Amino acid sequence: MKRRAFLTTTAATAVSGLAVGTVSAPALAQGTPTVRWRMATSWPKSLDTIHGSAEAMCHRVAQLTEGKFEIRPFAGGEIVPAGQVLDAVQNNTVECGHTLASFYIGKNTAYGIDGGLPFGLNARQHASWLHYGGGMELLRDFYGRNGLVNFLVGNVGVQMGGWYRKEIKSVEDLNGLKFRVGGFGGLVMTKLGVVPQQIAASDIYTGLEKGTIDAAEWIGPYDDEKLGFAKVAKYYYTPGWWEGSAAITGLVNTTAWNNLPDPFKIAFETAANEQAMLMQAKYDAKNPEALRRLVGMGVQLRAFPRPVMEACYKASMEVLKENTEKNPDFAKIYESWKAFHDTSNSWFALAENQLDSFRYTAQRKA
């Protein structure tokens with residue numbers, strides 16, 4: 001089923017359902033088979049935001065199909081390690097996965113565009129590029145050549161810049177820093193002397209505690225509080241510039257997807273679209289409360305100094321340029337992304353930024 005045709009049909013059904021006060025699930029034909037899938041995720045069970053979103057998506061699929069299509073989610077490490085979800089879906093060890101595409105830039109840097117690029121699109125812009133800027137079509141072609149079907153299933157928004165055992169006062173302080181950072185952030189910071197480490201969320205606390213890493217980024221206050229990072233690192237930096245926002249990708253094995261009845265496909269994409277909205281809504285509600293608690297525990301909030309941000313931006317542009325020159329897959333998708341980025345930024349700077357900047361300043365003065 002074509003994505004645009006699906007969206008049009010779903011919208012019409014929703015409007016019709018709202019008119020009578022209810023939205024119906026897709027009609028299931030008599031004799032529709034029962035389907036059981038497994039979903040491997042890249043997240044610890046303790047994170048009720050991101051892993052909980054995967055659980056909620058699976059529950060919603062079952063609701064919409066009257067229990068005929070059941071997907072069982074598994075935390076990172078239960079079936080495969082957190083960073084091997086794509087491989088597991090690709091080789092059909094599991095039918096679907098829930099992950100951050102940036103984890104897989106070692107296979108092809110084009111995956112990183114799906115997760116989010118340094119100093120890139122925010123969550124709203126990313127969804128807009130995917131659904132109305134041609135991004136989904138380009139990514140579907142790329143993933144399709146790798147035996148996968150991709151879906152936007154969430155976004156964590158702009159992340160924090162991570163936890164540090166010492167202050168970062170200058171660009172020189174980055175040299176030699178052993179930093180848990182994945183995706184393009186690691187490629188960029190290598191240019192500044194950082195030694196990037198890609199380790200699973202469940203191993204970050206131990207790494208900081210034992211000093212095998214000097215710093216680590218994960219997501220933001222709510223998740224970071226749950227993982228206990230404030231106990232082993234004092235300085236908490238902002239912003240997480242390595243992704244303008246981190247989009248979470250649902251992956252489905254192409255053969256498994258093609259074998260699904262159409263009503264089950266509709267249910268899966270409907271549940272994905274719901275969580276694309278609800279995941280970020282939960283983070284936006286939970287992060288402020290968690291940040292207050294962390295500061296109350298003595299955490300020292302810091303903003304990266306301007307020279308550090310400028311050095312990171314310069315290095316980011318170099319990395320992106322290098323990848324357009326050496327990776328045709330990256331170049332093809334990035335061309336669309338960059339054109340949308342520039343146009344969208346001009347609008348957000350004019351409207352969103354003007355209002356947001358004023359109201360934040362007005363609140364502080366009040």
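Contact between elements is taken here to mean heavy atoms within 4.5 Å, and helices (H or I, at least four residues) and strands (E, at least two) are DSSP runs, numbered from the N terminus. Axes are lines fitted to C-alpha atoms, for helices over the stretch in contact, with angles running from 0 to 180 degrees between N-to-C directions. The structure is a predicted model, in which local features need pLDDT of at least 70 and side-chain atom pairs count only at pLDDT 80 or more, whereas totals for chains, interfaces and linings use all residues. Residues are numbered from 1 along each chain as its sequence is written, and side-chain values use heavy atoms, with hydrogens and water left out.

Helix 6, comprising residues 135-144, lies across strand 4 and strand 10 and runs at about 130° to strand 4. These two strands belong to an open sheet of five strands with mixed pairing, arranged in the order 2-1-3-10-4, where strands are regarded as paired if DSSP finds at least two bridges between them. Strand 2 (69-74) and strand 4 (148-155) form the edges of this sheet, each pairing on one side only, and the twist from one strand to the next averages 25°. Helix 5 also packs on the sheet, where it touches strand 4 and strand 10, and its direction makes about 150° with that of strand 4.

Within this sheet, strand 1 (residues 35-41) pairs with strand 2 in the parallel sense over six bridges. Arginine 36 stands opposite glutamate 70 in strand 2, and tryptophan 37 stands opposite isoleucine 71 in strand 2. Five of the seven residues of strand 1 are buried, so this strand is largely enclosed by the rest of the structure; buried denotes under 20% relative accessible area, exposed over 50%, and partly exposed the range in between (1.4 Å probe, protein chains only).

A further helix pair is formed by helix 2 (residues 50-64) and helix 11 (residues 262-296), whose axes come within 9 Å and cross at roughly 145°. The residues of helix 2 that take part include Ile50, Met57 and Leu64, and those that they meet in helix 11 include Phe268, Met279 and Tyr283.

A second open sheet is made of six strands in the order 7-6-8-5-9-11, again with mixed pairing, and its edge strands are strand 7 (195-197) and strand 11 (300-303), each of which pairs on one side only. Strand 5 runs antiparallel to strand 8 (residues 215-216), to which two bridges join it, and strand 5 pairs with strand 9 in the antiparallel sense over three bridges. Tryptophan 163 stands opposite alanine 216 in strand 8, while its bridge partner in strand 9 is tyrosine 236. Strand 9 in turn pairs with strand 11 in the parallel sense over four bridges, and the bridge partner of tyrosine 235 in strand 11 is glutamine 300.

Aromatic contacts were then examined over the whole structure, and the search finds 25 aromatic pairs. Rings of Phe, Tyr and Trp (its six-membered ring) are counted as a pair if their centres lie within 6.5 Å, with planes under 30 degrees apart taken as stacked, over 60 as edge-to-face and the rest as tilted. The pair of phenylalanine 119 and tryptophan 241 is stacked, because the ring centres are 5.3 Å apart and the planes stand at 10°. Since phenylalanine 119 lies in the loop between helix 4 (111-115) and helix 5 (123-132), and tryptophan 241 in the loop between strand 9 (235-238) and strand 10 (247-253), the pair ties together parts that are 122 residues apart in sequence. Phenylalanine 119 is partly exposed, with a relative accessible area of 23%, whereas tryptophan 241 counts as buried at 4% relative accessibility.

Tyrosine 164 and phenylalanine 179 form a tilted pair, at 5.4 Å centre to centre and 40° between the planes. This pair links distant parts of the chain, with tyrosine 164 in strand 5 (residues 162-164) and phenylalanine 179 in strand 6 (residues 178-180), 15 residues apart. Tyrosine 164 is buried at 0% relative accessibility, and phenylalanine 179 is buried at 0%. One aromatic cluster is formed by Phe119, Tyr164, Phe179, Tyr237, Trp241, Trp242, Phe304 and Tyr313. Tryptophan 242 is found in the loop between strand 9 and strand 10 and is buried, with a relative accessible area of 2%.
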